[in-house]
Amino acid sequence: QVQLVESGGGLVQAGGSLRLSCVASGFGRTFSNYAMGWFRQAPGKEREAVTTIIWSDGRTAYTDSVKGRFTISRDNAKNLVYLQMNSLKPEDTAVYYCARKERIGAPFGSWGQGTQVTVSS
């Protein structure tokens with residue numbers, strides 16, 4: 001059973017930066033993975049996809065509201081995925097979740113417990 005653990009959340013002023021990390025564990029000799037993603041859920045709102053990265057070639061996709069401010073990256077050797085968040089806005093306040101898509105066509109089936117990001121104005 002793959003486990004994902006996020007870290008790096010916190011309280012930051014508008015315009016500031018945070019870097020979230022997500023480490024995967026609980027797999028066998030190799031981490032079979034198609035894609036990883038970061039999602040977020042603000043109070044009273046539905047969970048939304050923020051960004052995804054294809055594990056094999058690093059192709060990325062971002063929701064429009066974070067383009068140019070957020071960057072997803074990965075460290076294949078350490079089974080880590082990062083989310084660098086710059087120029088944070090109060091509307092970025094949410095619980096951020098790391099998730100894994102095991103193979104193409106599958107849903108994001110493994111999720112972390114989430115880490116709170118709060119941006120003050």
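Strand S9 (residues 94–101) is largely enclosed by the rest of the structure, because seven of its eight residues are buried. Buried means under 20% relative accessible area, exposed means over 50%, and partly exposed lies in between (1.4 Å probe, protein chains only). Strands are DSSP runs of E with at least two residues, numbered from the N terminus. The model is predicted: local features need pLDDT of at least 70, side-chain atom pairs count only at pLDDT 80 or more, and totals for chains, interfaces and linings use all residues. Residues are numbered from 1 along each chain as its sequence is written, and side-chain values use heavy atoms, with hydrogens and water left out.

S9 has several pairing partners. Two strands pair if DSSP finds at least two bridges between them. With strand S4 (residues 35–41), S9 pairs in the antiparallel sense over seven bridges. Here phenylalanine 39 stands opposite tyrosine 97 in S9. Strand S11 (residues 115–120) pairs with S9 over three bridges, in the antiparallel sense. Alanine 94 faces valine 117 of S11 as its opposite residue. Strand S10 (residues 108–111) also pairs with S9 in the antiparallel sense, over three bridges. Alanine 99 stands opposite tryptophan 111 in S10. S9 and S10 form a hairpin, with six residues between them. In its turn, glycine 105 has a positive phi of about 90 degrees.

The largest nonpolar core has 25 residues. Such a core is a set of buried Ala, Val, Leu, Ile, Met, Phe, Trp, Tyr and Cys residues joined through side-chain atoms within 4.5 Å. Met36, Trp38, Phe70, Val81, Met85 and Tyr96 have the most contacts inside this core. At least two core residues come from each of S3, S4, S5 (48–54), S7 (70–75), S8 (80–85), S9 and S11. S3 gives the most, with four residues.

Arginine 19 also lies in S3 (residues 18–25). Arginine 19 counts as partly exposed, because its relative accessibility is 46%. Beyond its neighbours within four places in sequence, arginine 19 is in contact (heavy atoms within 4.5 Å) with Ser7, Gly8, Tyr82, Leu83 and Gln84. The C-alpha atoms of arginine 19 and phenylalanine 70 are separated by 9.4 Å, although these residues are 51 apart along the chain.
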